[in-house]
Amino acid sequence: MIPDKALQYIKQKELKPAFSYEDVWNEEHITSFTVAKVMNVDILRDMKNAVERAIERGETVEQFKKNLLPTLYKAGWTGIQKITDEKTGEEKEIYIDTPRRLKTIYETNLRSAYMKGRFDRAYESDAHPYLMYRVGPSKVHRPEHLEWDGLILDKNDPFWLSHNPPNGWGCKCYTVAVSKGRKERYERDGIPTPTADNITIQIKAKTKAPKTIYKTYINKRNGTISKVPVGVDPSFNFNQGNYSRDLVVFDDFMRKAKKSFPERFENIAETILRNEIKKEQFESWIEKAFENKGKETNPSITAIGFIKSIAVNKLKKIIGIDISENITIGLESYLLNGSKSNRHALRGEALTKEDAKKYIIKCLLDGDIYLQTDNKNLLYLYQVEENKYLQIAVKPLEKKSSHRSSLTIPMVKNIQFINENQKKSKFEANKIKWQKIK
């Protein structure tokens with residue numbers, strides 16, 4: 001299960017040549033495959049294919065190198081290569097095929113992908129509400145990582161947002177999903193831990209998140225200033241598994257991405273919303289929403305999209321609503337399984353489970369956007385058939401709570417199908433009330 005998720009995670013990444021590892025920063029790694037100093041797209045593609053093959057076949061690092069080296073040699077990509085930095089004009093000589101460099105490519109990509117798959121599986125398991133931090137098989141460990149060894153926290157604890165392994169170059173740490181019963185046993189009896197002498201000892205379980213001490217890191221390549229936890233290498237201080245997972249975390253990602261990558265964050269967000277990992281999470285959420293049909297108590301919320309910049313600007317300019325960084329769109333399950341959906345069902349306008357899986361995110365990404373000037377709402381319209389449209393109404397700002405956090409974000413207020421006549425009577429008959437944005 002984990003190798004499959006890891007493979008899909010690598011496959012959905014796009015090639016991004018970069019002179020320095022600092023050129024592709026933090027959240028950009030979610031959608032970008034990069035190797036520092038590899039500016040040739042064809043070579044970068046060969047490396048990505050080799051990583052995918054290593055995951056798919058379970059190759060060791062030696063098998064990875066053995067399979068990749070002939071491809072590099074055939075392309076003339078061996079020995080000393082002169083690489084020019086497009087930003088500074090600097091020319092630098094590198095040894096592209098050294099064993100250490102190939103090992104770094106292998107370990108960094110595979111460990112990140114596997115830890116993401118591990119986090120996905122743990123997060124989806126209701127039987128395992130906790131994660132436990134464990135140090136890996138390295139001969140030498142960072143002192144902070146040793147301090148975190150045996151730390152057991154709720155999988156929604158903010159600690160995992162910046163400390164989920166790997167936490168740096170060469171870091172072999174990992175997490176283990178833990179049930180409530182196992183957590184209690186570890187607290188009582190200790191955690192079985194093998195030593196270098198192959199003797200098993202019991203270490204004390206830690207259940208309180210440590211105080212995070214931050215250091216300031218300036219990325220001189222892109223000008224960003226980051227607060228990086230001590231013990232975590234720069235560009236490793238985010239959890240690749242946690243992004244797009246739920247409302248709070250996706251919103252956190254959107255704010256960071258918009259601030260750090262104002263010109264690219266919409267492309268990054270769209271890639272996340274369309275990829276297989278988000279699809280699995282969203283479809284699982286839909287399944288649970290329809291399983292609880294008729295139960296409107298404690299509705300769950302998930303992130304389904306974001307307000308695009310063009311709509312953000314129109315909201316502020318036309319009706320004076322400034323949503324600023326609050327652009328994540330949330331959907332509550334009761335709109336699919338409660339009394340409102342029942343009323344829509346009587347008129348043949350409700351979504352089935354398969355409709356919800358297939359069209360909701362597409363509607364927000366690809367549909368037409370209208371601004372309702374009197375009620376100050378946004379309305380998304382997406383054609384699904386010749387005489388059938390999905391209509392999603394979004395209130396720009398509403399305060400909601402999720403996972404012990406409070407957010408003020410755009411929320412879906414209504415979701416239903418309409419026909420061609422309804423579309424014409426609503427949008428074409430009153431173009432002042434309904435202003436088309438996109």
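Let me start with a question: is Gly 338 buried or exposed? Gly 338 counts as buried, at 0% relative accessibility. Buried here means under 20% relative accessible area, exposed means over 50%, and partly exposed is in between, with a 1.4 Å probe and protein chains only.

Before going on, the ground rules. This is a predicted model, in which local features need pLDDT of at least 70 and side-chain atom pairs count only at pLDDT 80 or more, while totals for chains, interfaces and linings use all residues. Residues are numbered from 1 along each chain as its sequence is written, and side-chain values use heavy atoms, with hydrogens and water left out.

Back to Gly 338, which sits in the loop between helix H12 (334–337) and helix H13 (339–346). Helices (H or I, at least four residues) and strands (E, at least two) are DSSP runs, numbered from the N terminus. From Gly 338 to Val 394 there are 56 residues in sequence, and the C-alpha to C-alpha separation in space is 18 Å.

Now the sheet. Strands of a sheet pair through backbone hydrogen bonds, either parallel or antiparallel. In this model three strands make an open sheet, ordered E6-E5-E7, with antiparallel pairing. Strand E6 (152–154) and strand E7 (174–178) are at the edges with a single partner strand each, so one side of each has no neighbour in the sheet. From one strand to the next, the twist averages 35°. Two strands count as paired if DSSP finds at least two bridges between them. Strand E5 (residues 130–134) pairs with E6 over three bridges, in the antiparallel sense, and Tyr 130 is opposite Asp 154 in E6.

Helix H4 (residues 99–124) lies across E5 and E7, at about 15° to E7. Contact means heavy atoms within 4.5 Å. Axes are lines fitted to C-alpha atoms, for helices over the stretch in contact, and angles run from 0 to 180 degrees between N-to-C directions.

H4 also packs against helix H3 (residues 61–74), at an angle of about 110° and with the axes 10 Å apart. That makes H3 roughly perpendicular to H4; angles of 65 to 115 degrees get that label, those under 35 are roughly parallel, those over 145 roughly antiparallel, and the rest oblique. Residues making the contact include Phe 64 and Leu 68 of H3, and Leu 102 and Tyr 106 of H4.

Next, two hairpins. Strand E8 (residues 191–194) and strand E9 (residues 200–203) run antiparallel and are joined by four bridges, with Pro 194 opposite Thr 200 in E9. Five residues lie between E8 and E9 in this hairpin, and Asn 198 in the turn has a positive phi of about 65°.

The other hairpin is E14 and E15, with four residues between them and a positive phi of about 60° at Lys 376 in the turn. Strand E14 (residues 368–372) pairs with E15 over five bridges, in the antiparallel sense, and Tyr 370 has Leu 379 in E15 as its bridge partner. Of the nine residues of strand E15 (residues 377–385), seven are buried, so E15 is largely enclosed by the rest of the structure.

Last, the cysteines. Cys 173 is buried at 5% relative accessible area, and Cys 363 is buried at 0%.
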